Structures are given as C-alpha cells and as structure tokens.
Amino acid sequence: MRGVANRVSPWFLVLLVVTVGGAVLTTSGTPALLTAGIVLLVLGGWAVSLCLHEFGHAWVALRGGDRSVRDKGYLTLDIRRYTDPVLSFGLPVVFLLLGGIPLPGGAVWIEHGAIRSRAARSLVSLAGPAVNLVLGAALTIAVATVSMPVGLAVGLSCLALIQVLAFVLNILPVPGLDGFGVLEPYLSAPARRLASRVRPWAPLALFVLLIGVPGVAAVFFDLAYAVFDAVGGDGRYAAAGYGELLFWR
C-alpha cells in the first residue's frame with residue numbers, strides 16, 4: 001500500500017505537460033500563440049502549485065504524526081483526492097482567469113488530534129503558503145538568471161506573482177485560511193469556538209471585499225508586489241503577463 005499511496009498521480013503529470021506545453025507556445029513569436037501559451041502556462045502552473053500546496057500540508061502532517069494522509073492519497077499529488085475537484089481546483093482556476101485573484105484551492109483533511117504538538121499543527125498550516133512563496137521565489141530567480149525568450153519570461157513572471165499573491169492571501173489571519181491555522185493552536189478555547197462559527201463564510205467575505213472594494217484590493221496588491229519585489233520579481237514582466245492572461249478584458 002505504501003508504494004501506491006506515494007506514487008505520483010498521472011493527473012498531476014498531465015498538469016505538468018499542459019504547463020510545459022504553454023511554456024513552449026510562449027516562444028513561438030506569434031501574438032495569438034503567445035497569448036495562448038501564457039494562459040496555458042499560468043493556469044497549468046497554478047493548478048500544479050495547488051497540488052504542491054496541499055502536498056506541503058499533508059507531508060508536514062505526516063511528519064507530525066498524522067499517518068492517515070498517506071492512506072487518503074494526499075501524497076500522490078492527485079487532484080481527485082482533495083475535498084472536491086470542482087470547488088477545490090476548477091473554481092480557483094476560473095477565479096484566476098476572470099478576476100486575477102488566486103483563490104485558495106484544494107483541501108486536505110488533517111487529523112489534528114494525531115499531530116504531536118501545537119507547534120507541529122501550526123507548521124502544518126504554514127507549509128502550504130510556504131510552498132507558494134518558495135515557488136514564486138524560484139520562478140523569479142529563473143527569470144533573472146536564465147537567458148530565455150521574452151514571452152517565456154513574461155509568463156513565468158506572471159506565474160511567480162500569482163504564487164506570491166497566493167502566499168499573501170493565504171497567510172492572512174482569517175478563519176478558514178492557512179494564516180489563521182498557524183495561530184489557532186495557541187488560541188484559547190472560546191476563541192477557537194468563535195472562529196469555527198465564522199470559518200465557513202469569513203473567506204467569502206474577504207473575497208467580496210477584495211473584488212468589490214477597490215481600496216482593499218489596492219492594499220492587498222501593494223503588499224503582494226512588495227513581497228514580489230523582495231524575492232526579485234520583475235513587475236513589468238508580471239504586469240505584461242497579467243495583461244495576456246486576462247486578454248478578454
């Protein structure tokens with residue numbers, strides 16, 4: 001069972017192929033193919049990062065004592081293993097394509113009672129956003145240090161910014177997001193009970209504010225761009241990539 005539970009899912013490999021195919025199209029030099037390539041690169045790469053984000057949660061949970069994550073198939077990077085493939089992956093991709101905001105995706109059910117300590121439970125929540133930040137930094141380093149066609153640099157920079165946006169969004173201390181999960185083990189029982197009551201709608205309220213209130217969105221994007229600059233991102237390339245991703249606007 002252990003080999004099956006740890007085997008990389010073919011579905012994850014399909015997402016990688018889509019991402020690489022998009023990267024190849026960005027080098028074509030044809031405007032239409034460039035746009036199509038950036039869309040495939042960014043959306044495919046975003047789906048790949050959603051899998052890696054949830055893998056990060058599961059792997060740290062396994063190290064912390066929750067053996068159930070292996071039996072649930074969370075270590076296979078299989079999008080079908082998460083709570084709901086449509087809501088966990090389809091909806092985030094649609095939100096990204098329509099609004100440019102990386103809505104948190106997949107979900108893994110962790111048996112928190114099996115985790116050895118509060119610090120370990122906190123690290124389980126931190127692991128997912130940390131994966132996004134590492135991916136964003138790795139992509140910016142690749143763009144800065146590897147000679148590549150401009151179209152590919154634009155697509156990778158856009159994907160890198162999206163990883164940073166996902167990190168900043170997920171790390172907010174809002175019930176239902178990973179940032180709150182980092183703090184939750186250290187909160188009092190009444191505070192945790194209150195959080196459990198608002199958890200179902202708190203992220204939705206946040207997204208409504210981000211989409212509907214320009215000032216809130218501006219603060220969020222300013223913070224994300226500050227982090228993006230700190231990890232060496234090229235804001236001009238990223239903005240150009242967003243323009244291609246949201247070509248329909």
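Residues are numbered from 1 along each chain as its sequence is written, and side-chain values use heavy atoms, with hydrogens and water left out. Because the model is predicted, local features need pLDDT of at least 70 and side-chain atom pairs count only at pLDDT 80 or more, whereas totals for chains, interfaces and linings use all residues.

The secondary structure of the chain consists of 12 helices and 0 strands, where helices (H or I, at least four residues) and strands (E, at least two) are DSSP runs numbered from the N terminus. With a radius of gyration of 18 Å, close to the 18 Å that the globule rule gives for 249 residues, the chain is as compact as a globular protein of that length; the radius is taken over C-alpha atoms, and the rule is 2.2 Å times the number of residues to the power 0.38. Along the principal axes, the C-alpha atoms fill a box of roughly 55 × 50 × 30 Å.

Of the 249 residues, 47% count as buried, a term that means under 20% relative accessible area, while exposed means over 50% and partly exposed lies in between (1.4 Å probe, protein chains only). Among contacts (heavy atoms within 4.5 Å) between residues at least 6 apart in sequence, 74% join residues at least 24 apart.

When residues up to four places away in sequence are not counted, Gly181 touches Arg121, Ser122 and Ser125. The C-alpha atoms of Gly181 and Gly22, in turn, are 34 Å apart in space, and the two residues are 159 residues apart in sequence.

Thr76 is placed in the loop between helix 4 (68-71) and helix 5 (85-99), where Thr76 counts as buried at 6% relative accessibility. The side chain of Thr76 reaches the backbone oxygen of Gly73 at 2.7 Å.

Arg236, by contrast, is exposed, with a relative accessible area of 69%, and has its place in helix 12 (residues 235-245). Although Arg236 and Val154 are 82 residues apart along the chain, their C-alpha atoms are separated by 8.4 Å.

Definitions and conventions. A polar contact is a pair of N or O atoms within 3.5 Å; within protein, one must be able to donate a hydrogen and the other to accept it, and residues adjacent in sequence count only if both atoms are side-chain atoms.
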